[in-house]
Amino acid sequence: MSMIEPSRVHKDITALPTFHHLPGIGILTINSFVLHAEQPVIVDTGTSNDRDKMVAAIIAACGDTAPSWLWITHTDADHIGSVAPLLEHFPRLKVVTTYTGLVKMGTHSPVDPRRVRLLNPGETLDLGDRTITAMTPPLFDAPETTGFHDPVSRALFSSDCFGAILPAGTNSINDLGADELLAAQTLWTSIDTPWVVKVDRSLLADELDELRDLAPSMILSAHLPATAAMVDAHLAGIAAAPFAKPFIGHNQATLTQMLQGR
Ligand SMILES: [Fe+2]
Ligand SMILES: [Fe+2]
């Protein structure tokens, strides 16, 4: 894991990325965010391996204003690694998730239901200076997944959707050409949502049009280095995903070779 390198990607948003090397594949970004609304929102919390550094980074990013909400986009291990220590550190913090998310967390890291705010897609959360609406991203790898659109920054928090696996040695999509970005996004999408080749492409296109109509200023995926640009490229990347070759991971022979090369 790399050091956490916080960046203020908008006056109201801090991104807290970590970068993880996937041998033979590339670099996976795992982001948490803080939305500095009147009632601040932490969005996802990284892996348990990164817990201590991530908790410290989130606390530092929040500054003097204790966060009100901890939005868990879904309960995969790379999103909930610091839920428990954050709930302990911020006694008024509440987890935002769906009922499925609450039940799934209960199987390994239960959260007191009194500290949960259930929010289904289409329902809203009042943050004092703005109201955000839960939405289901076009692609997802867990049924409880929700993201949201912030009407002030116009950022779209998209959970795993719109992620990318970057080429080794890269940690910014600004370093990539258009074809490289498309390949990076297609690789992630084919790994995370292999079922995308089965979707009704016109329905997917309709969902992408709905997002386009929101005119997001930036797409903040859990697995994409945050940038304000390239929204159209990201939308095009998802539209192209159903046509991509399904991902097949390393086989045992390759793993054995890797282990021998240590
Ligand atoms: Fe996931
Ligand atoms: Fe993820």
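**Notes on the fold**

1. His 149 has Leu 156 of strand 11 as its bridge partner. This is a predicted model, and the points below should be read as such. The strands concerned are strand 10 (residues 147-149) and strand 11 (residues 155-159), which pair in the antiparallel sense over two bridges.

2. As background, strands of a sheet pair through backbone hydrogen bonds, either parallel or antiparallel.

3. The protein as a whole has seven helices and 13 strands. Its radius of gyration is 18 Å, close to the 18 Å that the globule rule gives for 262 residues, so the protein is as compact as a globular protein of that length. Along the principal axes, the C-alpha atoms fill a box of roughly 50 × 45 × 35 Å.

4. Of the 262 residues, 41% are buried. Taking contacts between residues at least 6 apart in sequence, 63% join residues at least 24 apart.

5. The largest nonpolar core has 57 residues, and within this core Phe 33 and Leu 70 touch the most other members. Leaving out residues up to four places away in sequence, Leu 70 touches Ile 42, Val 83, Leu 86, Leu 93, Lys 94, Val 95 and Val 96.

Definitions and conventions
Residues are numbered from 1 along each chain as its sequence is written. Chains are lettered from A and ligands numbered from 1 in the order in which they are written. This is a predicted model: local features need pLDDT of at least 70, side-chain atom pairs count only at pLDDT 80 or more; totals for chains, interfaces and linings use all residues. A nonpolar core is a set of buried Ala, Val, Leu, Ile, Met, Phe, Trp, Tyr and Cys residues joined through C-beta atoms within 7 Å. A residue is buried if 20 or more other C-beta atoms lie within 10 Å of its own, exposed if 12 or fewer, and partly exposed in between; C-beta atoms are placed from the backbone. Two residues are in contact if their C-beta atoms, placed from the backbone, lie within 7 Å. Helices (H or I, at least four residues) and strands (E, at least two) are DSSP runs, numbered from the N terminus. The radius of gyration is taken over C-alpha atoms; the globule rule is 2.2 Å times the number of residues to the power 0.38. Two strands pair if DSSP finds at least two bridges between them.
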